[in-house]
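A short report follows the display.

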Amino acid sequence: MKRPRTDPYIIAIVLTAVLAAFFPIRGEPAVVLDAAVTVAVGFLFFLYGARLPHGAAWEGIRHWRLHGAILLSTYALFPVLGLATAVLVPAVLSEPLHLGLLFLCVLPSTVQSSITFTSLAGGNVAAAICAATFSNVLGVLLTPVLAGLLLAGGTGAVPLDALPEIVLLLLVPFLLGQFARRWIGERVREQRVLGKLDRGVILAVVFSAFSEGTAHGIWKQLTPSRLLLLAAVCLVLLVVVLAVTSLAARWCGFTAPDRIALVFAGSKKSLASGLPMASVLLPAASVGLLVLPLMLYHQLQLIACAWLARRFAERPAEDPASAPAVPGASA
């Protein structure tokens, strides 16, 4: 593998946020954009449903210990660690940034990068496909519920009585996509234009969120030093999760390919699902600030996992059960 490079898409997201900060839209155009983004997010979750291979998931359900470990990392370990970071408020993290970190911690795992890094490292690709599928299917339900439980007290986000609206905006399109997959699934995966639409919707979400945030003065709440501290917290969170999943994989007696799948799928958080969900689940006035932890964590996980995948791939060929330990974890 080559040296990890900054994801061009992350650069596009950052530039979009900067553009919205200097040239935010207000008034009627902002209302129109917000409505368009809401419709686009619903369509995006329809596409997510149509893309996810439920057949592969059912075939892999027999490996329930591995899938259970990955789901526990995604929806239990992460939220617990997110809650633990409350001790950093306000000295290291402001209250909005801490809430953004909690939102990051309740998101599903990624699909594409979990599978890609598992494959590059010589891990169990089928298990990674199944685990990423389970994570995203459950995330449509679990993320709104967990966000409602963990965030509502601090931001007014996701009150539980708003769940019917969330179900209508996220779950219903997703289920319709799963239902339509038998007719359009192959076409959705093959058409590159849909991938561009996917990214275009996310950029629109970012522009809308940061325009709204600029209008409410979010940049007055963020200093360069605070941003650096946030990046450091995200890095520590990533290292802790990588170490815990590595230890858990060894404790469970998983084979090296399964350990690789657990480390990669269990440590990821999805930017592709997280930003559209943020536009629905979080208050418009603060969503721009609340997604900063997710944007930082996403880039950090790509860099760290690219390095780890290279280490896994270079393990001794004569010892197929061996796998390099994650820094900070002992065998």
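## Leu101, a buried residue

In this predicted model, Leu101 has 0% relative accessibility. The cut-off for buried is under 20%, so Leu101 counts as buried. Leu101 is found in helix H5.

What does Leu101 touch, not counting residues up to four places away in sequence? The list is Thr85, Leu93, Val233, Cys234, Leu237 and Pro293. Gly82 is 19 residues from Leu101 in sequence. In space, the two are 6.4 Å apart, C-alpha to C-alpha.

## H5 against H10

Leu101 also takes part in a helix contact. Leu97, Leu101, Leu104 and Cys105 are the H5 residues that meet H10. On the H10 side, the partners are Arg226, Leu230, Val233, Cys234 and Leu237. The residues of this contact divide into 8 nonpolar, no polar and 1 charged.

Helix H5 covers residues 95-105, and helix H10 covers residues 224-251. Their axes come within 12 Å and cross at roughly 30°. Angles under 35 degrees count as roughly parallel, and H5 is therefore roughly parallel to H10. The crossing of the pair is right-handed.

## H4 against H5

H5 has another helix partner, H4. The axes of H4 and H5 are 8 Å apart, and the packing angle is about 170°. Angles over 145 degrees count as roughly antiparallel, so H4 is roughly antiparallel to H5. H4 passes H5 in a right-handed crossing.

Which residues meet here? H4 brings Thr74, Phe78, Pro79, Gly82 and Leu83. H5 brings His98, Leu102 and Cys105. By class, that contact has 5 nonpolar, 3 polar and no charged residues. Cys105 is listed in the contact of H5 with H4, and also in the contact of H5 with H10.

Most peptide bonds are trans. The bond from Val89 to Pro90 is cis, with omega near 5°. Where does Pro90 lie? Pro90 is found in the loop between helix H4 (64-84) and H5.

## Ser109, between H5 and H6

Ser109 lies in the loop between H5 and H6. Is Ser109 buried or exposed? At 1% relative accessibility, Ser109 counts as buried.

The Ser109 side chain has two polar partners to look at. One is the side chain of Ser114, in a polar contact at 3.3 Å. Another is the backbone oxygen of Ala265, which the Ser109 side chain reaches at 2.8 Å. Leaving aside neighbours within four places in sequence, Ser109 is in contact with Thr74, Ser114, Ser135, Asn136, Ala265, Lys268 and Ser270. Thr74, one of these contacts of Ser109, is also among the H4 residues that meet H5.

## H12 and its start

At the start of H12, a side-chain oxygen of Ser270 reaches to within 3.0 Å of the backbone nitrogen of Ser273.

Helix H12 (residues 271-281) is mostly covered. How many of its 11 residues are buried? The count is 8. They are Leu271, Ser273, Gly274, Leu275, Pro276, Met277, Ala278 and Leu281.

## H6 against H14

Beyond the loop that holds Ser109 comes H6. Helix H6 covers residues 112-120, and helix H14 covers residues 292-313. The axes of H6 and H14 come within 8 Å and cross at roughly 25°. H6 and H14 are therefore roughly parallel to each other.

Ser113, Phe117 and Leu120 make the contact from H6. Leu302, Cys305, Ala306, Ala309 and Ala313 make it from H14. By class, the residues of the contact of H6 with H14 are 7 nonpolar, 1 polar and no charged.

## The whole chain

How many helices and strands does the protein have? The secondary structure comes to 14 helices and 0 strands. Of the 331 residues, 49% count as buried.

How values were computed: Residues are numbered from 1 along each chain as its sequence is written. This is a predicted model: local features need pLDDT of at least 70, side-chain atom pairs count only at pLDDT 80 or more; totals for chains, interfaces and linings use all residues. Side-chain values use heavy atoms; hydrogens and water are left out. Axes are lines fitted to C-alpha atoms, for helices over the stretch in contact, and angles run from 0 to 180 degrees between N-to-C directions. Helices (H or I, at least four residues) and strands (E, at least two) are DSSP runs, numbered from the N terminus. Angles under 35 degrees count as roughly parallel, over 145 as roughly antiparallel, 65 to 115 as roughly perpendicular and the rest as oblique. Contact means heavy atoms within 4.5 Å. Ala, Val, Leu, Ile, Met, Phe, Trp, Tyr, Cys and Pro count as nonpolar, Asp, Glu, Lys and Arg as charged, and the others, Gly among them, as polar. A crossing is left-handed if the near helix is turned anticlockwise from the far one by less than a right angle, and right-handed if clockwise. Buried means under 20% relative accessible area, exposed over 50%, partly exposed in between (1.4 Å probe, protein chains only). A polar contact is a pair of N or O atoms within 3.5 Å; within protein, one must be able to donate a hydrogen and the other to accept it, and residues adjacent in sequence count only if both atoms are side-chain atoms.
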